[in-house]
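This report covers the pockets of one model and a helix that contributes to their lining. The sequence and structure come first.

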Amino acid sequence: MNFLSTFLTFENLHEVRRLCHWGPVIALSVIAICSTMAILDSIIWYWPLDTTGGSINFIMLINWTVLILYNYFNAMFVGPGYIPLGWKPENQQDTQYLQFCRVCQGYKSPRSHHCRKCNRCVMKMDHHCPWINNCCGHQNHAYFTSFLLLAPLGCSHAAIIFIMTMYTQLYERISFGWSSVKIDMSAVRQFQPLMPFSVPAFAATLFALGLALGTTIAVGMLFFIQLKVILRNKTSIESWIEEKAKERIQHYQTGEEFIFPYDLSTRWLNFKQVFTWSGTPKGDGIEWPVNPKCHQHTLTIEQLKQKADKRVRSVQYQAVEDYNGACCPLTKGLQTFFRTPCTEEPRIPLRKGDTILATRGTKWWMYGDKVLSDEQMRVGDRVRGWFPRRCVEKCHYDTATSDSTSDKKVN
């Protein structure tokens, strides 16, 4: 009941603003439409409340709605858990194994990452979900996954109601031509609908059916992705870090063996790290149980190695055209417009002469950090994101200049 106590006492009133975003607006609208139409279709046209089956069906629909909303709002308002601002490890020597966050003015604990949307370092961050307008992390992972399970189940139930409502109400009016399909309609004929099944009612039911089926497929796929994350005890970000670790070892032929530290060897043990009888996940979000062959900073050390490798591999470019930071710039060519990266990562505006350290890219877009002045770097500013490839040209510079530029880059 953490969500209710937090909401009723308004300890975090600013969190209510998370509702004012396209993600929650769309998600809650779909839930409202599917739930309302399923209940109305059942009561008015398909399964009346004065029957035992109709009453059970009605209770189940209400139950789905309550459980879905309970887990949805918990995932949104309980939140993932944040690393305290200015956090430092108890052992000062451990700071050499950790990354420093200039925005939060503290060190990032193991498994934490800084979210640009939330503007905080998030405990065991998996991803920032636009549908809850919050991150999925340590404290709300169970609520988020439960929502992903319950939403397809509830929508599947609603979809059956919609299909049977349209079939039973149109049975006498339309010849379906299904000679092999035999459905007993005697029970339906005994029930007199509360109102005629009009064209608007049919259109609304058909629309709700489309939403229910789409939600079942899309959210169901997300559920299996999150279930895989939980059973492996490996977030989406950590999977990416592990993949890059293998690429780094193979590229430099170091002979290292990278063992992911948080996989506790059995799926059941991994599962219990997230789902508990109390509803509160295990751990404090800072220290974690690890594989016997690893230690608390195995992953953070690998991240530091990858950061250093990233600086070495980054390529310096100079802007030759101005770019205003638009997501789909019309003035930079049709290919640039249509091939814009499908990501919420920011675009960075450029002025002619700006220097950028590019780390990755596509044929039409590049991603990198803009080289800032010493004063901006002291303040902790960092400007990174996507920009059109046609706006920059590769610089030709010597190794000394490259090393100097790399040293200036903010971690």
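The largest pocket of this predicted model has a volume of about 1,900 Å³. Its lining counts 49 residues. Closest to the centre are R116, W240, E345, R360 and R384.

Four strands, β1 (100–101), β3 (113–115), β5 (127–129) and β8 (355–361), each supply at least two residues. So do the helices α4 (141–170), α6 (199–232), α7 (236–252) and α9 (298–313). The largest share, seven residues, comes from α7. By class, the lining of the largest pocket divides into 18 nonpolar, 14 polar and 17 charged residues.

The second largest pocket holds about 440 Å³ of space. Its lining has 25 residues, and V30, I31, F147, T215 and V219 are the closest to its centre. Here α2 (22–46), α3 (52–77), α4 and α6 each give at least two residues. The most, eight residues, come from α2. The lining of this second pocket has 21 nonpolar and four polar residues, but no charged ones.

How far apart are the end C-alpha atoms of α7? They lie 25 Å apart. At 1.5 Å a residue, the 17 residues of α7 should span 24 Å, so the two values agree.

Which residues of α7 are buried? They are I237, E238, I241, E242, A245, R248 and I249. Viewed down the helix axis, these buried residues fall within an arc of 140°, so they line one face of α7.

What does the buried face of α7 pack against? Its buried residues pack against β3 and α9. Both partners also supply at least two residues each to the lining of the largest pocket. On the other side of α7, K246 and Q250 are exposed. Just after the helix, Q253 takes a positive phi of about 50°.

Key. Residues are numbered from 1 along each chain as its sequence is written. This is a predicted model: local features need pLDDT of at least 70, side-chain atom pairs count only at pLDDT 80 or more; totals for chains, interfaces and linings use all residues. Side-chain values use heavy atoms; hydrogens and water are left out. On a 1 Å grid over the protein atoms alone, a cavity is a set of points where a 1.4 Å probe fits but cannot get out, and a pocket is an open set with protein on both sides within 12 Å along at least five of seven lines; lining residues have an atom within 4 Å of a point. Grid points are joined across faces, edges and corners, and a volume is the space filled by probe spheres set on the points. Ala, Val, Leu, Ile, Met, Phe, Trp, Tyr, Cys and Pro count as nonpolar, Asp, Glu, Lys and Arg as charged, and the others, Gly among them, as polar. The expected span of a helix is 1.5 Å times one less than its number of residues. Buried means under 20% relative accessible area, exposed over 50%, partly exposed in between (1.4 Å probe, protein chains only). The arc is that of the directions from the helix axis to the C-beta atoms. Contact means heavy atoms within 4.5 Å.
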